[in-house]
Amino acid sequence: MFGGLGNIGSLLSLAMNMETRLKALMEELAQAELAVSVGEGDELSGMKYVKITANGLGENAQVSVSDDLCAAESKEELETLLEAAFEKMAKETRSLFIQKISMMAKDAGIPGLDGLLGGSK
C-alpha cells in the first residue's frame with residue numbers, strides 16, 4: 001500500500017537539491033558581469049554610442065554615453081539608444097539565465113527545461 005513512498009522521498013530529495021542549486025545559480029548570476037553597446041562605434045572610435053554594464057540578473061546597471069552623443073544635443077537620439085541598450089541588456093541577461101538554468105537542469109537529469117524557457121529545443 002505504501003510502497004510508492006520511496007519515490008516521494010527521492011522527489012523531495014531532488015527538490016531540495018534543486019533549491020540549493022538554484023540559490024547557487026542566483027549567486028553566480030549576481031557575480032557575472034555583462035556589457036552591451038548600441039549606436040555608432042565604441043569607446044575606441046569615440047563615435048555616438050551608449051554602453052550598459054550590469055550583473056547577470058540585470059541589476060546594478062551602469063550607463064556610459066559617448067562624448068560625441070552628448071555633444072550632439074539630440075535628446076531623441078539619446079533616448080532611442082538608451083531604450084535599445086536596455087532592451088539588449090535584458091536579452092543578454094535572459095540568455096545567460098537560460099544557459100545556466102539549462103545546464104543545471106541537465107546535470108540534475110531534468111530533460112526539456114531549456115525548451116520551456118525559450119532556449120534550444
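**Close-up views of a predicted model**

**View 1. Glu 28 is partly exposed, at 40% relative accessibility.** The model shown here and in the other views is a predicted one. Glu 28 forms a salt bridge with Lys 100, and the closest N and O atoms of the pair are 2.6 Å apart. This pair links distant parts of the chain: Glu 28 belongs to helix α1, Lys 100 belongs to helix α3 (residues 75-108), and 72 residues separate them. Lys 100 has a relative accessibility of 19% and counts as buried, because the limit for buried is under 20%.

View 2. Lys 23 is exposed, with a relative accessible area of 51%. Glu 19, at 46%, counts as partly exposed. The two residues fall into separate classes because exposed means over 50% relative accessible area.

**View 3. A nonpolar patch on the surface is formed by Leu 11, Leu 14 and Ile 110.** Together, the three residues have about 240 Å² of accessible area. Leu 14 is located in helix α1, which covers residues 5-31. The relative accessible area of Leu 14 is 31%, so this residue is partly exposed.

**View 4. Strand β1 (residues 33-39) has a covered face and an uncovered face.** On the covered face are Leu 34, Val 36 and Val 38. The uncovered face consists of Glu 33, Ala 35, Ser 37 and Gly 39. In a regular strand, side chains alternate between the two faces of the sheet. Strand β1 pairs with β2 in the antiparallel sense, over seven bridges. At Gly 39, the bridge partner in β2 is Tyr 49.

**View 5. Thr 93 is a buried residue of helix α3.** Its relative accessibility is 12%. The side chain of Thr 93 reaches the backbone oxygen of Ala 90 at 3.0 Å. Leaving aside residues up to four places away in sequence, Thr 93 touches Leu 34, Asn 55, Gly 56, Leu 57 and Gly 58. Among these contacts, Leu 34 is a residue of the covered face of strand β1.

**View 6. Ser 66 is placed in the loop between β3 and α2 (67-71).** With 3% relative accessibility, Ser 66 counts as buried. When residues up to four places away in sequence are not counted, Ser 66 touches Met 47, Lys 48 and Tyr 49. One of these, Tyr 49, is the residue of β2 that bridges to Gly 39.

**View 7. Asn 60 has a positive phi, near 55°, and is a residue other than glycine.** Asn 60 is found in the loop that runs between β2 (49-55) and β3 (62-65). At 64% relative accessibility, Asn 60 counts as exposed. The loop of Ser 66, by contrast, lies between β3 and α2, and Ser 66 counts as buried.

Methods:
Residues are numbered from 1 along each chain as its sequence is written. This is a predicted model: local features need pLDDT of at least 70, side-chain atom pairs count only at pLDDT 80 or more; totals for chains, interfaces and linings use all residues. Side-chain values use heavy atoms; hydrogens and water are left out. Patches are made of residues with over 30% relative accessible area and no salt bridge: like charges are joined within 9 Å, nonpolar side chains (Val, Leu, Ile, Met, Phe, Trp, Tyr) within 5 Å. Accessible areas come from the Shrake-Rupley method with a 1.4 Å probe; for residues, only the protein chains shown count as cover. A salt bridge is a side-chain nitrogen of Lys or Arg within 4 Å of a carboxyl oxygen of Asp or Glu. Helices (H or I, at least four residues) and strands (E, at least two) are DSSP runs, numbered from the N terminus. Buried means under 20% relative accessible area, exposed over 50%, partly exposed in between (1.4 Å probe, protein chains only). Contact means heavy atoms within 4.5 Å. A polar contact is a pair of N or O atoms within 3.5 Å; within protein, one must be able to donate a hydrogen and the other to accept it, and residues adjacent in sequence count only if both atoms are side-chain atoms. Two strands pair if DSSP finds at least two bridges between them.
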